[in-house]
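Look at the sequence and the fold together.

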Amino acid sequence: KRYDYLTTERADLEESIQNLEAAIDHINQASVDRFRETFAAISNRFERLFPIIFGGGKAELSLVYPEGSEDILDAGIDILAQPPGKKVVNIGLLSGGEKALTAVSLIFAIFVVVDFVIAH
């Protein structure tokens, strides 16, 4: 009787583990999908706002994956900017004022995308 009880408990636990793993997979996939959509929207808006704020130039966001990983949820984001009359560089190589304007461009891009999502 005890053996039957423990066998049933074990089967229930194994089923719970499988259900939990399926739920985690579903959540991870939903996170990947939403991140891709949001990143694309923010990146697009950032590329459009940067030249307006700077009066020219261009900028882009790119994903940077850790060595040996292709999981988008592990990726970092790199900000490349080209103020008018300069070459494309990482945000870390810009002057303080250029960094501030680039950051403002990115913040505005995020606000526009978030505002659109909330409104709809």
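Glu98 is buried, because its relative accessibility is 12% (buried means under 20% relative accessible area, exposed over 50%, partly exposed in between; 1.4 Å probe, protein chains only). The model is predicted: local features need pLDDT of at least 70, side-chain atom pairs count only at pLDDT 80 or more, and totals for chains, interfaces and linings use all residues. Residues are numbered from 1 along each chain as its sequence is written, and side-chain values use heavy atoms, with hydrogens and water left out.

What does Glu98 form with Lys86? The two form a salt bridge, with the closest N and O atoms 2.7 Å apart (a side-chain nitrogen of Lys or Arg within 4 Å of a carboxyl oxygen of Asp or Glu). This pair links distant parts of the chain: Lys86 sits in the loop between strand 2 and strand 3, Glu98 in helix 2, 12 residues apart. Helices (H or I, at least four residues) and strands (E, at least two) are DSSP runs, numbered from the N terminus. Lys86 is partly exposed, at 44% relative accessibility.

The structure holds 2 salt bridges. Arg10 pairs with Glu14, and their closest N and O atoms are 2.9 Å apart. Both lie in helix 1, 4 residues apart, about one turn of the helix. Arg10 is exposed at 57%; Glu14 is partly exposed at 39%.

Strand 1 and strand 2 are joined by 7 bridges. Leu61 has Ile79 in strand 2 as its bridge partner.

The largest nonpolar core has 15 residues, and Ile42, Phe46, Phe50, Leu61 and Leu106 touch the most other members. Such a core is a set of buried Ala, Val, Leu, Ile, Met, Phe, Trp, Tyr and Cys residues joined through side-chain atoms within 4.5 Å. Helix 1 (2–54), strand 1 (58–64), strand 2 (76–82) and helix 2 (96–119) each supply at least two residues. Helix 1 gives the most, with 6.

Finally, the surface. Ile107 lies in helix 2 and is partly exposed, at 42% relative accessibility.

Methods. Two strands pair if DSSP finds at least two bridges between them.
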